[in-house]
Amino acid sequence: MRKDVRILLVGEPKVGKTSLIMSLVSEEFPDVVPYRAEEITIPADVTPERVPTHIVDYSEAEQTDEQLFQEISKANVICIVYAVNNKKSIEKVTSHWIPLITENTDKDSRVPLILVGNKSDLVEHSSMETILPIMNQYSEIETCVECSAKNLKNISELFYYAQKAVLHPTGPLYCPEKKDMKPLCVKALTRIFKVSDLDNDGNLNDNELNFFQRTCFNTPLEPQALEDVKNVVRKNLIDGVCDNGLTLKGFLFLHTLFIQRGRHETTWTVLRRFGYDDDLELNQDYLFPPLKIPPDCTTELNHNAYLFLQSVFDKHDKDRDCALSPEELRDLFDVFPYMPWGPDVNNTVCTNDQGWITYQGYLSQWTLTTYLDVQRCLEYLGYLGYSIIAEQESQAAGITVTRDKKIDLQKKQTQRSVFRCNVFGDIGSGKSGFLQAFLGRNLMRQKTIKEEHRSYYAINTTYVYGQEKYLLLHEVFPDFDYLSDSDLACDIVCLVYDVSNPYSFEYCAKVFKQYFMDSKTPCMMIAAKSDLPEVKQMYGCSPLEFCRRHKMPPPQSFTCNAASAPNRDIYTKLTTMAMYPHARLRCMCTCNRCTFCLCQNFLNSELLQMVRAKLYAVVLRRHVSQADLKSSTFWLRASVGATVFAVLGFAMYRVLLKTR
């Protein structure tokens with residue numbers, strides 16, 4: 001909505017332009033009328049629409065044509081004043097004033113016109129019979145008002161209608177010739193209906209109508225008023241009401257009725273509440289609310305935003321299979337001006353056996369968009385009506401800006417839920433396979449992916465110590481000399497080499513030495529295609545020795561060439577390292593042959609668990625009396641014993657690691 005309104009009064013001399021302005025201000029007819037009134041500003045708190053209004057007078061005697069043209073170009077609405085008792089002044093409306101205004105205004109920005117018939121106190125008849133054909137001929141004429149500056153008849157109404165013509169114009173909404181709403185208006189109201197249809201059944205039930213009414217007008221409808229509205233629709237439209245709910249046709253009919261009855265401010269209130277501007281385009285301020293993101297901070301969706309997106313998914317998952325079919329996905333994005341997700345999204349997130357995006361994949365894609373391009377995420381949430389349905393000030397309320405990563409390192413803990421892993425490797429090393437395996441796809445399934453639908457991102461959830469986290473894998477193009485800042489900015493680096501290619505490891509070693517050897521970003525080496533025969537790498541040292549020298553975990557064997565879904569343990573390790581970069585994980589081996597793995601297997605064995613459980617039961621149930629349990633000496637001894645046992649166990653663990 002405009003911040004102010006500028007009204008210009010034009011017309012033939014002696015028709016009463018200046019008198020109208022002075023009668024409005026002083027609320028009485030002036031005894032002496034000057035040639036031209038000075039520009040008057042009416043404060044916002046005085047006007048019905050709460051908008052400051054500037055009223056500008058024109059005098060042929062005091063102003064040049066050039067000054068008139070300038071005022072016409074600055075005006076938001078122009079009142080063409082004629083005297084109802086002067087036929088010549090009426091004829092001048094079409095022969096002079098409308099053509100003059102048309103010539104001096106931009107064709108793309110139509111200025112609304114108000115025809116003002118002054119001096120109605122001097123005649124007993126109305127001029128409307130003469131004026132109506134003119135109104136039908138020129139669509140830019142909003143309305144006609146007959147008034148009298150002398151007896152103050154319709155003076156305040158005149159300026160109210162002028163203000164209304166600017167703030168709530170009929171032109172963008174309605175076509176008088178066709179007696180129907182314009183396509184852009186229908187499109188906007190259709191989106192509003194679909195956003196408000198919370199259960200996606202094609203009808204607005206009483207709860208949805210009340211929520212809509214409360215959202216737009218800050219007051220609910222009384223049950224009887226609600227029933228009266230539906231009865232009006234029933235009488236005029238056969239399929240306007242279905243299952244006691246308002247259909248889309250009924251919703252559009254109601255707004256057509258509002259406009260035809262001169263209540264287009266009602267339709268404008270609805271449109272503006274849902275983010276539309278005067279051109280029926282979604283406002284940029286609505287789509288892109290301000291959001292400050294300091295350096296080294298990331299963006300994530302918060303709990304309320306995830307709840308909203310979950311409700312949107314449930315709303316469109318009609319067959320309740322926890323996946324969105326192509327039809328359901330198109331229906332979900334029907335409120336968008338374009339399709340935001342392309343075929344590559346299906347290769348970025350988890351899908352079911354039919355290739356449809358699952359619930360988890362759907363949330364993952366939203367998480368990815370928020371992390372990589374938060375402005376686009378705000379735009380998408382705006383199309384879905386997040387601020388309205390979630391009753392928030394803007395989409396920015398659904399975004400969490402994480403704290404600086406340096407603070408996370410200092411405190412040795414993080415509150416983030418999304419971690420980025422950049423995957424480096426030479427051509428043919430298996431990077432793409434590594435990304436797709438994260439989504440549960442083996443090599444056979446990966447071969448069905450079309451090259452044009454390939455994605456360089458993969459995102460999925462992992463669990464670290466019982467906490468659900470998102471790991472975002474990004475395949476970096478293997479151009480060693482042109483790595484950008486975004487290629488290097490991540491939480492963990494994954495260096496992938498092909499065990500069957502003797503020259504594959506060299507690329508990983510060079511990338512590490514040039515870009516990550518002195519950084520605090522943790523790195524992991526992936527020995528890909530481990531199902532193939534391993535060959536000696538043509539480098540100064542073996543990958544294992546390289547990792548030991550640079551205090552990295554040993555190379556992790558990986559293959560996706562199996563009948564079942566690839567193992568996900570390696571992705572959990574990556575997420576853990578990204579969460580705790582300060583912690584040096586000495587061994588991440590799963591070979592089941594080294595000392596570490598043998599100790600881990602022994603400690604987790606069923607035999608040891610059973611022995612421990614039995615010892616615990618025997619000690620507590622048979623040898624500990626109630627008196628002992630109440631004795632502080634007993635608990636002191638138990639504490640000392642537990643401490644000694646823990647120290648000895650840790651010492652033995654260190655010895656075993658050193659031996660390894």
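At what angle do helix α2 (residues 65–74) and helix α3 (residues 87–103) pack? In this predicted model, where local features need pLDDT of at least 70, side-chain atom pairs count only at pLDDT 80 or more, and totals for chains, interfaces and linings use all residues, the two helices pack at an angle of about 65°, with their axes 9 Å apart. Residues are numbered from 1 along each chain as its sequence is written, and side-chain values use heavy atoms, with hydrogens and water left out.

Helices here are DSSP runs of H or I with at least four residues, strands are runs of E with at least two, and both are numbered from the N terminus. Axes are lines fitted to C-alpha atoms, for helices over the stretch in contact, and angles run from 0 to 180 degrees between N-to-C directions. Leu68, Phe69 and Ile72 of α2 make the contact with Trp97, Leu100 and Ile101 of α3, where contact means heavy atoms within 4.5 Å.

Helix α7 (residues 206–217) has 12 residues. Its buried residues (buried meaning under 20% relative accessible area with a 1.4 Å probe, protein chains only) include Leu209, Phe211, Phe212 and Cys216. At the start of α7, a side-chain oxygen of Asn205 reaches to within 3.1 Å of the backbone nitrogen of Asn207, and just after the helix Asn218 takes a positive phi of about 60°.

Gln537 lies in the loop between β20 (523–528) and α22 (543–549), and is buried, with a relative accessible area of 7%. Its side chain reaches the backbone nitrogen of Phe505 at 3.1 Å.

Conventions. Buried means under 20% relative accessible area, exposed over 50%, partly exposed in between (1.4 Å probe, protein chains only). A polar contact is a pair of N or O atoms within 3.5 Å; within protein, one must be able to donate a hydrogen and the other to accept it, and residues adjacent in sequence count only if both atoms are side-chain atoms. The expected span of a helix is 1.5 Å times one less than its number of residues.
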